[in-house]
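Welcome, and thanks for taking a look at this protein with us.

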Amino acid sequence: MSSPTFRAGLQIPNFNLPGAEPADLLERLTAIAHAAESSGFDSLYVMDHLHQIRGVGPEENWMLEGPTTLGALAARTSRIHLGLMVGGITYRNPALMAKITTTIDVLSGGRAILGIGAAWNDSEHKAYGYEFPPLKVRFELLEDGLRIMRAMFTEERATVQGTHSHVDQAYNNPKVRGDIPILIGGSGEKKTLRLVAQYADASNVFGDVERIKHLMGVIDAHCADVGRDPSEISRTKLATLVLGDTQAEAEAKVAPMREAIDPDSFNRLALYGDRDSVAEQLAANREAGLTGVIVNMPEVSDLDQVKAAGELIAAAFA
């Protein structure tokens, strides 16, 4: 397996950028990516959805197809790693997903991340004609996919017979490196984090500091069960970051966001405040066992905000 040390990630979940027309999006996303990679962010993520999701915006809002977007950004960037946060196992044959990710890796000079999870959006599956199997089956598909994708990343010809999916002497050429890091997204303790211990290079979870401490212990326990060195796994959480020049300014920015979700949920999912306050929050998450964080930013079009966030997170997890 690969041994990534991802510390500072930027997720872009919203493509309705202020003042942008559809034809402007590549230039706007490129500017965001350049600000990110010049300021300390080591990875950039887009969602794997076909329409916008609850909690981010109305379904009719713009949504670019994920891997296609990463391919475009691969040609426009030079250092930042590129991945889905995270891919849904139900949306693509896993061998095709391995091929897509390897293609992005080749075109980016070895900067792809395979982000994957068990998928959750039942209404989206229904809208676009995808089957939405029971959770047990989705986890079986995910384990099949992890085995297939790892084999296609590392072997000359991959043969894997899974419960639902298989490959038989499948080529995956060309490659620019011997493996691609796999990140599994999700906080499920019994299945998701077991798969992290068994198959992944990176884990991305959700939660406040106390929840993070607990989940890191769960990963460690699963690693002990499967004979894995837990230090091999990069550990991040996904959060919404809101920066203000003062604490009062940040509080004013987050007030409508907190009410739109609900105060408790927002506080579990957000990092906000002035720079000193956010630095303290990042330090607490590091102390809880994280090796980094991945953030989305309501003000992602403000490149100065992106740069400030990259510098802050990179310093916190240096």
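## A serine in a loop

S301 sits in the loop that runs between β12 (292–296) and α11 (303–316). Please keep in mind that the model is predicted.

Once residues up to four places away in sequence are set aside, S301 touches L17, P18 and R28. Another residue to look at here is L29: S301 and L29 are 272 residues apart in sequence, yet their C-alpha atoms are 8.7 Å apart in space.

## A serine in a strand

Now turn to S203, which belongs to strand β9 (residues 202–205). With a relative accessibility of 1%, S203 falls under the 20% cut-off and therefore counts as buried.

What is S203 in contact with, leaving aside its neighbours within four places in sequence? The list is I184, L193, V196, I219, I233, S234, R235 and T236.

## The largest pocket

The largest pocket has a volume of about 1,300 Å³. Its lining is made up of 46 residues, and those nearest the centre are I53, V56, F206, L238 and N296. Two or more lining residues come from each of these elements: β4 (87–88), α5 (135–154), β10 (234–243), α8 (247–261) and α9 (263–269).

## The chain as a whole

Stepping back, the protein chain contains eleven helices and twelve strands. Its radius of gyration is 19 Å, close to the 20 Å that the globule rule gives for 318 residues, so the chain is as compact as a globular protein of that length. Along the principal axes, the C-alpha trace spans about 60 × 45 × 35 Å.

Of the 318 residues in the chain, 53% are buried. Among contacts with a separation of 6 or more, 73% are between residues 24 or more positions apart.

Conventions: Residues numbered from 1 in each chain as written. Predicted model: local features only at pLDDT ≥ 70, side-chain atom pairs only at ≥ 80, totals over all residues. Heavy atoms only, no water. 1 Å grid on protein atoms, 1.4 Å probe; cavity = no way out; pocket = protein on both sides within 12 Å on 5 of 7 lines; lining within 4 Å. Points joined across faces, edges and corners; volume = space filled by probe spheres on them. Helix = DSSP H or I, 4+ residues; strand = E, 2+ residues; numbered from the N terminus. Rg over C-alpha atoms; globule rule 2.2 N^0.38 Å. Buried < 20%, exposed > 50% of the residue type's maximum accessible area, 1.4 Å probe, protein only. Contact = heavy atoms within 4.5 Å.
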